[in-house]
2 protein chains.
Amino acid sequence: MLTALDCIPCFLRQALEAARFATKDEAVHEQVIRHVLRMAAEMDLMQSPAAIAQKIHRMLREISGVDDPYCTAKDQFNRLAIALLPELTAKLEGARDPLMTAARLAIAGNTIDLGVNGKLTEVEVHAAFEQALSKPLVGDVEAFRQAVAEATAILYLADNAGEIACDRLLIQQLLPVRVTLVVRGGAVINDATRVDAEATRLHELVEVIENGSDAPGTILSDCSEEFRKRFAEADLIIAKGQGNFETLSDAEADIFFLFKVKCPVIAAHVGLPVGTHVLTRSRPILAPAGGR
Amino acid sequence: MLTALDCIPCFLRQALEAARFATKDEAVHEQVIRHVLRMAAEMDLMQSPAAIAQKIHRMLREISGVDDPYCTAKDQFNRLAIALLPELTAKLEGARDPLMTAARLAIAGNTIDLGVNGKLTEVEVHAAFEQALSKPLVGDVEAFRQAVAEATAILYLADNAGEIACDRLLIQQLLPVRVTLVVRGGAVINDATRVDAEATRLHELVEVIENGSDAPGTILSDCSEEFRKRFAEADLIIAKGQGNFETLSDAEADIFFLFKVKCPVIAAHVGLPVGTHVLTRSRPILAPAGGR
């Protein structure tokens, strides 16, 4: 998915919020914004928003000297989501359709996206979980159910800290023995890294691997050789969040994307309103069978 | 009022919306955005947001070759507000406090601000008028009432097209014979110009003058000598909208600002939440009386 002009104001907003996560020094905030403006003026729009965000956040870390600006926020939302788990597990125990209930809760967890809203509050997260089971889940639900039934090796691409704690519920439905959980290779926004997988004890449940990249998505060419091998071998790929959708929606792979639509650009791309809980299958352009 | 870093994403958003008002040509949209990014990277933040917006919209008009991108939208909202007048007049006829009721309706009209929201719908405008009389009006209401009772020469600084039609109700309460209506000297965003004053037939009710500037506010140093003379002579100045507040809040003049708080930067500045209907008096820093 390419970057829209509408993404540009959003990059600026995100960069400013990120600078404020990194430091209280307003001179640094201004320096970051002026750098982003200069970068953005020359940017190539023929890349995904996540690829541009990767460059912005690298620059931010360099200017501010802060390796992980969202560290405290990630910790906060990991704790919040862990505290919510008993309540969410109870919702699941009474469910007639535990797989799709768990998918809904995992998508509600995708609300914890500080790239889209750096001012996200705990109240908003609570509200998202309260609405999780009453909101319609739009997309390829039956195809997902079937793919899950048939899969032997499931690659689960995590999105954010906090959210990752809720992914546990869906991973349990998928059967942990079949699942490999993928986190980012470096800190970017509040995206989940190995630290977050361990903070939420997912490493005790499933194998956790890093993708080798610090993009807030999955840019295959920027990921490690090892990750790409696992990606090619998986017979079911589940990708959480807008960043993974932005970077993988055109990939030649069969992927189920689970996310909450949080911005008008993505909304226009998927043809569904902001706020929609989506479970959508990629439509890979496959080479014609049997021919050249 | 100075420009905040938070204004920068908003300038980009506004410039993109303005470019889309000017033309459907996406290449022009991109050209405008890249120009604004370069300008913004070097901008002096020690000026009001309206002063920066003035430069952005001049550049937009130059690049697009369109002198008045919001022309059709201004016409649309003038017509809408004129059509609403009988209903608003009826609300006023039953009012116990016609002056403040008219002020509330004039502030509700300030919703018609395409700089803040280029996607404003007629439904949102209707909703604003429906809520106009039940929303609290915050500020220097009694001081305003007294100033109106004592005034002989009232300078009324209009803000937007559409809104200006609703200003008629307040101007009637102020007594038209005392009022001079001021419009912008050139087209910028959907700010009211002489064309809009005439389209809404206000020129038949009051004297209409232009301020000589194409800023979306009142930058005194950019206004005509003639306007500045009228500004200095007025014994009551009423300034509508955020742009006039941004540019005149630090002026050495006694001004009553009437506007709807529509952005977080203004909200922080006045200490009131977004959405508040405000009637606030300037607090001019006057020279100490009686010399040193």
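Domain bounds come from an automatic or database domain assignment. By that assignment, chain A has domain 1 (7-64) and domain 2 (76-281). The centres of domain 1 of chain A and domain 2 of chain A, taken over C-alpha atoms, lie 25 Å apart.

This is a predicted model, where local features need pLDDT of at least 70, side-chain atom pairs count only at pLDDT 80 or more, and totals for chains, interfaces and linings use all residues. Residues are numbered from 1 along each chain as its sequence is written, while chains are lettered from A and ligands numbered from 1 in the order in which they are written.

**Confidence**

- Chain A has a mean pLDDT of 95 (pLDDT is the predictor's confidence in each residue, from 0 to 100).
- In chain A, 97% of residues reach 70 or more.
- For the complex, the predictor gives an ipTM of 0.91 and a pTM of 0.93.

**How the two domains of chain A meet**

- Domain 1 of chain A puts 14 residues in contact with 14 residues of domain 2 of chain A. Two residues are in contact if their C-beta atoms, placed from the backbone, lie within 7 Å.
- On the domain 1 side, the elements giving two or more residues are α1 and α3 (49-64) of chain A. Helices (H or I, at least four residues) and strands (E, at least two) are DSSP runs, numbered from the N terminus.
- The largest share of that side, seven residues, comes from α3(A).
- By class, that side of domain 1 of chain A has eight nonpolar, four polar and two charged residues. Ala, Val, Leu, Ile, Met, Phe, Trp, Tyr, Cys and Pro count as nonpolar, Asp, Glu, Lys and Arg as charged, and the others, Gly among them, as polar.

**How the two chains are related**

- Two copies of a chain are related by a rotation about an axis and a shift along it.
- The same surface serves both copies, as 100% of the contact residues of chain A recur in chain B.

**Where the chains touch**

- Chain A gives 15 residues to the contact, and chain B gives 15 residues.
- On the chain A side, α1 (7-22) and α2 (26-41) of chain A each give two or more residues.
- The largest share, eight residues, comes from α2(A).
- That side of chain A holds nine nonpolar, one polar and five charged residues.

**Helix α8 of chain B**

- Helix α8 (residues 163-174) of chain B has 12 residues and should span 16 Å at 1.5 Å a residue. The expected span is 1.5 Å times one less than the number of residues.
- The end C-alpha atoms of this helix are 17 Å apart, which agrees.
- Of the 12 residues of α8(B), 10 are buried. A residue is buried if 20 or more other C-beta atoms lie within 10 Å of its own, exposed if 12 or fewer, and partly exposed in between; C-beta atoms are placed from the backbone.
- The buried residues include E163(B), A165(B) and L174(B).
- Just after α8(B), L175(B) takes a positive phi of about 75°.

- N78(B) sits in helix α4 (residues 71-93) of chain B. N78(B) counts as buried because 25 C-beta neighbours lie inside 10 Å.
- Leaving aside neighbours within four places in sequence, N78(B) is in contact with residues including A161(B), A165(B) and T200(B).
- A106(A) belongs to helix α5 (residues 98-109) of chain A. A106(A) is buried, with 29 other C-beta atoms within 10 Å.
- A106(A) and L258(A) are 152 residues apart in sequence, yet 8.1 Å apart in space, C-alpha to C-alpha.

**Positive phi in loops**

- Most residues other than glycine have a negative phi.
- I189(A) has a positive phi of about 45° although it is not a glycine. I189(A) lies in the loop between β3 (179-183) and α9 (194-199) of chain A, and is buried, with 29 other C-beta atoms within 10 Å.
- R201(B) also is not a glycine, and has a positive phi of about 60°. R201(B) lies in the loop between α9 (194-199) and β4 (207-210) of chain B, and counts as exposed, with 11 C-beta neighbours inside 10 Å.
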